[in-house]
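Open the model in your viewer and keep the selection panel at hand. The tour below goes from selection to selection.

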Amino acid sequence: MKENGDYPCKAIGIARTPFSDPAKTPIQSVFSTARGTVEVYPGFEDGLIALAGFSHIILIYRFHRAAGEEVSERPLIDGAEPHGIFATRHFNRPNRLGISVARLIGIDGGRIVVEGIDLLDETPILDIKPYIPAFDSIPDATSGWVTPGHVEAIGRQSAAFQAGRP
């Protein structure tokens, strides 16, 4: 394998969400109640066949408005000290890739309606995968430096954003 090789990737669709301001967008989809859509581009619509039976999907996307690509960053909540970027969910990461799990509400042609969206409007979608609990949930997983207090703070901040109280 070639070190530092380029691996081109193209968007298969675009997210349509109520969020245009990064500072007023929920942090982590699990804390969002917002609805949005994913518009899958023509040529990729057949990839949605049989997806309707899943309750949730994993969206893989590009942080298209990230300021840069860093190897360390201060976490968004309680970020007193920088952490290695791979120990965070920060958007200023190499390749600017993100993931979100959203509830699948419905599919109409190439339009997927989801709930629990935490993406900025017009975020490029690179891939969609079905969420399969037997594969994607690991009950005994540990959370490293992320404490229950961090999780609560993110939940509170996301709720405030959605209520219009940043």
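Two strands count as paired if DSSP finds at least two bridges between them. Helices (H or I, at least four residues) and strands (E, at least two) are DSSP runs, numbered from the N terminus. This is a predicted model: local features need pLDDT of at least 70, side-chain atom pairs count only at pLDDT 80 or more, and totals for chains, interfaces and linings use all residues. Residues are numbered from 1 along each chain as its sequence is written, and side-chain values use heavy atoms, with hydrogens and water left out.

**Whole chain**

Colour by secondary structure. The chain has two helices and eight strands. From the N terminus on, the order is β-β-β-β-β-β-β-β-α-α. Now show the surface. Its accessible area is about 10,200 Å², of which 54% belongs to carbon and sulfur atoms. Such areas come from the Shrake-Rupley method with a 1.4 Å probe; for residues, only the protein chains shown count as cover.

**The barrel**

In which order do the six strands close into a barrel? Follow 1-2-7-6-3-8; the pairing is antiparallel. Neighbouring strands of this sheet are turned by 45° against each other on average, direction ignored. For that angle, axes are lines fitted to C-alpha atoms, for helices over the stretch in contact, and angles run from 0 to 180 degrees between N-to-C directions.

**Strand 7 and its two partners**

Select residues 35-40, strand 2, and residues 111-115, strand 7. Five bridges join these antiparallel strands. Pick R35: its bridge partner in strand 7 is E115. Then pick E39, which stands opposite R111 in strand 7.

Go to the turn: strands 6 and 7 form a hairpin with two residues between them. G109 in that turn has a positive phi of about 65°.

**Strand 8 and its two partners**

Move to strand 8, residues 124-130, and strand 1, residues 13-16. They are antiparallel and share two bridges. I14 faces P124 in strand 8 as its opposite residue. Now select strand 3, residues 56-62, which pairs with strand 8 in the antiparallel sense over five bridges. L59 stands opposite I128 there.

**V38**

Centre on V38 in strand 2. Is V38 buried or exposed? It is buried, because its relative accessible area is 0%, and buried means under 20%, exposed over 50%, partly exposed in between (1.4 Å probe, protein chains only). Show its contacts (heavy atoms within 4.5 Å). Not counting residues up to four places away in sequence, V38 touches I14, A15, L59, G110, R111, I112, I125 and I128.

**The core**

Select I57, L59, I112, I125 and I128. Of the 22 residues in the largest nonpolar core, these touch the most other members. A nonpolar core is a set of buried Ala, Val, Leu, Ile, Met, Phe, Trp, Tyr and Cys residues joined through side-chain atoms within 4.5 Å. Strands 2, 3, 6, 7 and 8 are the elements that give two or more residues to this core. Strand 3 gives the most, with three residues.

Finish on I57. Leaving aside neighbours within four places in sequence, its contacts include S100, V101, A102, L104, I112, V114 and I128.
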